[in-house]
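Please look through the sequence and the predicted model shown here, and keep both at hand while reading the report that follows.

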Amino acid sequence: MLKRIGVSILIAIAFLTAVAQKSTSYEIEKDYPLFLEKMKQELTYPMAWGNSAQTDFSEWRKMARTIVLDAMLAPPPVAKEYGMEVVAIEQRAGYEARKIRFNLSGYSRVPAYLLVPAGKGPFPAVVLLHDHGAHFSIGKEKMIRPFDVDSLILADADNWVHQCYDDQYVGDYLASKGYVVISIDALFWGERGRKEGARYESQQSLACVFEMLGRSWSGTISYEDMYTADFLASLKEVDADRIGCMGFSMGAYRSWMLSALSDRVKAGVAVCWLTTTEYQLSPHYGRGKGDSNYANVLPGLRRYLDYPHIVSIACPKAMLFFNGRHDKLFPVPAVENAYSQLHTVWNSQNADDKLITKLWELPHFCSKEMQAEILSFFNKQLSK
């Protein structure tokens with residue numbers, strides 16, 4: 001009896017699938033609504049610089065930043081005190097690696113890696129923001145070589161740095177050149193991950209939970225990055241007037257968001273994450289299924305600003321953008337369009353000499369050559 005029922009169910013599923021495939025009554029194709037182009041045409045971005053009625057740039061920045069913060073929804077509560085503790089220390093060539101814990105917010109006490117150069121400070125400092133990569137078992141370890149950890153975590157980190165960072169930990173490289181460096185796990189990565197184990201689909205579930213509670217997972221990540229910059233500025237080893245930030249892939253998105261939203265940051269670097277909504281949601285150029293975009297979607301923000309318009313809030317700060325000509329995630333036409341928009345804004349404020357944009361003959365990757373130019377950029381922009 002049960003066998004006959006099972007066969008009947010399979011036949012019914014096959015029939016419904018066949019009918020659906022033959023049906024001409026549908027409104028979704030390749031995960032896009034058929035009216036996608038109509039919706040995109042309605043995006044006029046009225047708050048973008050040049051579109052807004054506000055002609056005073058400093059006032060526009062305040063207004064645009066407020067709109068972004070509103071889209072990030074309610075922030076996590078600020079910690080009453082950091083309560084930093086040093087868990088472990090390792091001496092490295094020219095700097096000290098510290099495993100620390102501190103109160104990032106009123107919700108979360110987090111582990112972090114902090115690198116401090118040898119010698120007398122205070123030093124310039126960099127907030128390093130790790131990537132997404134659909135790889136959740138590690139976060140901060142993608143940026144700073146871990147120590148006093150399980151051999152599997154170290155192997156995981158070494159392998160990831162080989163794949164994405166040309167066998168060079170960005171944090172250790174910068175620390176060896178005289179920078180204090182910090183990196184934390186974004187919520188859902190590493191030691192702030194899922195108890196039951198990493199699962200790709202759970203990021204969508206987590207984002208849904210946040211929005212059900214009037215919050216934004218993406219917004220929370222950006223708020224926490226801002227709180228991290230504030231914490232870094234509080235350290236005696238750090239010159240609070242010389243703080244930069246840098247990230248690759250999703251870390252690049254986090255970096256230009258932090259540059260736009262935090263006055264702590266004086267210079268920002270973004271490697272391999274820049275596009276426009278027009279290209280991102282294009283059946284020709286886009287991927288069409290959201291993917292990691294749950295980590296960078298802010299509710300309702302497209303009614304006012306596109307990605308380059310958000311970046312423009314950072315103007316006239318020094319900013320560096322690198323992308324790869326062979327990056328399948330961010331096609332060249334999208335990047336060039338975004339670059340052009342940014343240069344228009346920086347030019348309007350006589351600050352185009354502070355904006356560096358460059359396409360490399362590389363895929364989605366952060367090479368040692370890129371890192372050398374990033375160091376030169378920070379040396380110039382964060383010098384006394």
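Glutamate 59 is partly exposed, with a relative accessible area of 34%, whereas lysine 62 is exposed, with a relative accessible area of 52%.

Side chains of opposite charge can pair when their charged atoms come close. The structure holds 23 salt bridges, and one of them joins the side chains of arginine 65 and aspartate 263, with an N to O distance of 3.1 Å. This pair links distant parts of the chain, since arginine 65 belongs to helix H3 while aspartate 263 sits in the loop between helix H8 and strand S9, 198 residues apart. Arginine 65 counts as buried because its relative accessibility is 14%, which is under the 20% limit for that word, whereas aspartate 263, at 48%, counts as partly exposed.

Another salt bridge is formed by arginine 98 and glutamate 237, whose closest N and O atoms are 3.0 Å apart. Here too the pair links distant parts of the chain, with arginine 98 in strand S4 and glutamate 237 in the loop between helix H7 and strand S8, 139 residues apart. Both arginine 98 and glutamate 237 are buried.

## Strand S4 and its two partners

Strand S4, which covers residues 95-103, is mostly covered, with 7 of its 9 residues buried. On one hand, S4 pairs with strand S3 (residues 85-92) in the antiparallel sense over 7 bridges, and in this pairing glutamate 85 stands opposite arginine 101. The hairpin of S3 and S4 has 2 residues between the strands, and glycine 94 takes a positive phi near 90° in it.

On the other hand, S4 pairs with strand S5 (residues 109-117), again in the antiparallel sense, over 9 bridges. Arginine 101 stands opposite proline 111 in S5, and the hairpin that S4 and S5 form has 5 residues between them.

Which residues make the nonpolar surface patch of about 240 Å²? The patch is made by Met84, Val86 and Ile89. Methionine 84 is found in the loop between helix H3 and S3, and this residue is partly exposed, with a relative accessible area of 36%.

Although alanine 334 and leucine 274 are 60 residues apart in sequence, their C-alpha atoms are 7.8 Å apart in space.

Glutamine 280 has its place in helix H9, which consists of residues 277-280. At 17% relative accessibility, glutamine 280 counts as buried, and its side chain makes a polar contact of 2.8 Å with the side chain of tyrosine 307.

How values were computed: Residues numbered from 1 in each chain as written. Predicted model: local features only at pLDDT ≥ 70, side-chain atom pairs only at ≥ 80, totals over all residues. Heavy atoms only, no water. Buried < 20%, exposed > 50% of the residue type's maximum accessible area, 1.4 Å probe, protein only. Helix = DSSP H or I, 4+ residues; strand = E, 2+ residues; numbered from the N terminus. Pairing = 2+ DSSP bridges. Patch = residues over 30% accessible without salt bridge, like charges linked within 9 Å, V, L, I, M, F, W, Y side chains within 5 Å. Areas by Shrake-Rupley, 256 points an atom, 1.4 Å probe, with all protein chains shown as cover. Salt bridge = Lys/Arg side-chain N within 4 Å of Asp/Glu carboxyl O. Polar contact = N/O pair within 3.5 Å; in protein donor to acceptor, adjacent residues only side chain to side chain.
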